[in-house]
Amino acid sequence: MILALTATLAIVLQDHAALRAAPRSSATEITRLWQGDVLEIRGEHAGYLKVYDYRRERGGYLRVDAARPVELSETAAPELLAVLRFLRDSPGSEALGISYGAAYLKAVSPRAMTAEPFDAIAQMAERLADQASGSADHSADFAPHLDVAEQFGVRMRNVERNGRMGLCYDGELFHRVLAFPGAHPEERAHAILGLTRPDCINPDLGPVPRAAIDTERSELLEQVKDAELSPMTRGRLHARRAGVWAALAYAQDRRQQPAGPAAERALAELLAVHPDDLGEDRRPEYVDAVLRVGAIRWAGALPTPQPGPLTLSATPGDPGQTCVALEDARGRRAGPIIRRCTYGIVRMASIQVIPQGPALVLAVQPLESWRELWVFHERAGSWTIDVLSPGLDNPDEGYVDYAGYAPGTRRLLIAREVKDRGRFRRSFEELRLDDLALMRQASSPELLRDFGRWQDVTWRRDTLALH
């Protein structure tokens, strides 16, 4: 909802504008005003506007150059729209843009109304929420700008993720754009992208409500035709669909439903993205999709026969658990060699036996966008299971792949992709099999000698780490 504007008004253009008790620079400063603040003009004297601030319930004097009077009439609407268009594409001016958007909505006639102002205000509200969450300038004070936006009915909500609080725009104006009969496809696409953001989903939702939200997101993303969009918007939609279908594949796997079609759709959408079309600012959206699709790469894949003598089997454990057991087909001992249970999804199709080790690797996915690698290997005459995670310090999302084994040096080859505190990292590593100590690491497999000779052919064909 956008608050109605009335009376003879001025919009503050600058941050930290001083509202003074008298029309002179030496007068007592009553308060500081911020860009986008709306004031009622009650007179002018000596280069100062006499104004009243209804939000703070106080009056005073403000320099003329710190505010711009606005006329709320049909004849002034085109000028207000021109300013709104300019501010929409000016990062750092979101509060001012929202204020001008509210003025335009008050001035424009109903017959001339389009979805454009709702789209512009919603985009600026979303950008303001991102900036306030710390994704932009950490030194800026966004609280006053959020207060300015709130006076026009622009609402934000808190979302806590990984122990950090962030803000998300509630999306009311995005819904208005979708309901507007003459909305342009680009405007509809902006609205759909704003309403399907994965980082604005409550992380504490249970599996059932989360699956319902993901289904709703997938349906929203089908409501716009790609051919009518710019290359950047089309690429963003493909990346978003890839992430949503990856989430659906994970949910279907957890419910023991066929996840193959959803996983295939996620991969197809990812491959349809042309990263160069996204530009530097939107590149993180593609990286996010890559990590989410990479994490569910084994979803829907069928296990292949294990050559033996070492074999791995999976059986139900406690409610919600899967237990895996390593056995020796030669029957050298009674019962399994080693056994371990997990609440994650065990990807039996990922099993790779390393006879020269001897060792065996298995992918386990405990979270929607998080996949680990379990390494079964012998150490000092006894078997153990070590877990290789994509990264440390509670990163946001990622996966680790088995990439091969170099028998001459007894080195395990792995690839990791991870997003940690908003930063993407990819690494290719050689680990000593005996204790999984890191021996060599590089940003490209071509820089590691053993990768060039011993990398797994299937991994090279299917991995996303070489995208």
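**Salt bridges and disulfides**

Author: A salt bridge is a side-chain nitrogen of Lys or Arg within 4 Å of a carboxyl oxygen of Asp or Glu; by this rule the count comes to 39 salt bridges. This is a predicted model, in which local features need pLDDT of at least 70 and side-chain atom pairs count only at pLDDT 80 or more, while totals for chains, interfaces and linings use all residues. Residues are numbered from 1 along each chain as its sequence is written, and side-chain values use heavy atoms, with hydrogens and water left out.

Reader: Which residue forms a salt bridge with R210?

Author: The partner of R210 is E368, with the closest N and O atoms 3.0 Å apart. Helices (H or I, at least four residues) and strands (E, at least two) are DSSP runs, numbered from the N terminus. R210 lies in helix α7 (residues 207–221) and E368 in the loop between β14 and β15, so the pair ties together parts that are 158 residues apart in sequence.

Reader: Are R210 and E368 buried or exposed?

Author: Buried means under 20% relative accessible area, exposed over 50%, and partly exposed in between (1.4 Å probe, protein chains only). R210 is buried at 19%, and E368 is buried at 16%.

Reader: Where do E285 and R282 lie?

Author: Both belong to helix α10 (residues 279–295), 3 residues apart, which is about one turn of the helix. E285 is buried at 18%, whereas R282 is partly exposed at 29%.

Reader: What does K419 contribute?

Author: The side chain of K419 meets that of D288 in a salt bridge of 3.5 Å, N to O. This pair links distant parts of the chain, with K419 in strand β18 (residues 411–420) and D288 in helix α10, 131 residues apart. Salt bridges that share partners join R210, D214, R217, D288, R292, E368, E397 and K419 into one network.

Reader: How many disulfides are found?

Author: A disulfide is a pair of cysteine sulfur atoms within 2.5 Å, and a search of the whole structure finds 2. C168 and C200 form a disulfide with sulfur atoms 2.0 Å apart; at -90° about the S-S bond, this link is left-handed. C168 lies in strand β9 and C200 in the loop between α6 and α7, so the pair ties together parts 32 residues apart in sequence.

Reader: What is the handedness of the link of C323 and C341?

Author: The link of C323 and C341 is right-handed, with 100° about the S-S bond, and the sulfur atoms are 1.9 Å apart. C323 is buried at 1%, while C341 is partly exposed at 29%.
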